[in-house]
Amino acid sequence: MRVSIAILAMALGATGAYSGEDASLTLEDGQSLTIRTDAPPHTENLSEITSGWVYRSDETQALQLDDFDNPAFVFVDQGIDLYAAVDGSEGKACASCHENVEDFAGLRASMPKVVDGELVTMENLVNNCRTERMGAEPWKWSGGQMTAMTALIGLQSRGMPVNVAIDGDAAPFWEAGKELYYTRVGQLDMACSNCHEDNYGNMIRADHLSQGQINGFPTYRLKNAKLNSSHGRFKGCMSNIRATPFAEGGDEFKALELYLASRGNGLSVETPSVRN
Amino acid sequence: MAKGVKPRVRVPKKAAAGEIITIKTLISHTMESGQRKDADGNIIPRSIINRFTCDFNGQNVIDVTIEPAVSTNPFFEFEAKVPESGEFKFTWYDDDGSVYETSKPITVG
């Protein structure tokens, strides 16, 4: 038995999925991101939390280290153009009120959060501005414009530790998210936890399971060559277990987003990350 | 002109004389292959960047013919030997006749 375990460990090592035990990665511009740290106390079943970056192949990991190589920055550039573009009946752009996008530093790390008794995500904030202040049409939750904008705003917080509030007003939403995380659904009768808590690091078909951390969203995925929202990813997971996905932007996914974000409290914001 | 085309390049600001430097270029472009059909079954016309060149002080460094199989947002990384201070000039040629240009200076010494 011991021999087979050793062989398995060697096989895993050979794939290059685990780049040592480093607690951080360093970007080409010198910025350091925490990819491994102690799990927050409310994440009872994990001792250490790890970024999804750790589970990727060397080549995919390298793409994220340099902003020029990171394909997500094509979309961040689109976000910069959108930020300055006037839209809607009020003749305003994002930049009309929020002059410098840099002022959003720190926002991504605290999202989603509860405002006036409602759980709001970054997408809600963007669309609220568009409909209430700009007189413009709301963007589709996982559309190209929305993900470009959330990537641009999220990028301002890159390197900051995720720190979402789970107490006070947020507690009921967090509990709802936790409930969803541990509830088995679909024909395969699986919960999020069955893969991402019980089996992270193991193979699922040809790929390594991660802990399902969302600190890098929106994330550029090699499989579809575009930015993907966290809710879009949740939908993909639910389809994979033959369940009927909840709606993007719905109460269920927003609660799940809060719960998942809280499981990553302490990891750096990696937006925009590169994944399979 | 194709929409949302934006060239970007990375060239080191400084180099030693005769040093071999790495240049990275990327242009955002849909690179429509001409093989795909739209929802009504009509062929979507080909629209790609068909040629990419890089020149240094008027001397050609690289000249690439690009075919429809090249994916969206073509990325090129190559090396060049820098004998003196000067300017790298990058040019992309679109099927529709548009030419996208950008340039980067480099200082030797």
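**A tour of the strands in chains A and B**

Begin in chain B by selecting β3(B) and strand β6 (residues 75-82), which pair in the antiparallel sense over eight bridges. Strands here are DSSP runs of E with at least two residues, numbered from the N terminus, and two strands pair if DSSP finds at least two bridges between them. This is a predicted model, in which local features need pLDDT of at least 70 and side-chain atom pairs count only at pLDDT 80 or more, while totals for chains, interfaces and linings use all residues. Residues are numbered from 1 along each chain as its sequence is written, and chains are lettered from A and ligands numbered from 1 in the order in which they are written.

Within this pair, select T25(B), which stands opposite F76(B) in β6(B).

Now display both chains. Their contact (C-beta atoms, placed from the backbone, within 7 Å) takes six residues from chain A and seven residues from chain B. On the side of chain B that touches chain A, β1 (6-10) and β3 (19-28) each supply at least two residues.

Finally, turn to chain A, where three strands form an open sheet in the order β10-β9-β11, with mixed pairing. Because β10 (226-228) and β11 (274-275) of chain A stand at the edges with a single partner strand each, one side of each is left without a neighbour in the sheet. Strand β9 (residues 219-221) of chain A runs parallel to β11(A), and two bridges join them. Select Y220(A) to find its bridge partner in β11(A), V274(A).

Definitions and conventions. Contact = placed C-beta atoms within 7 Å. Helix = DSSP H or I, 4+ residues; strand = E, 2+ residues; numbered from the N terminus.
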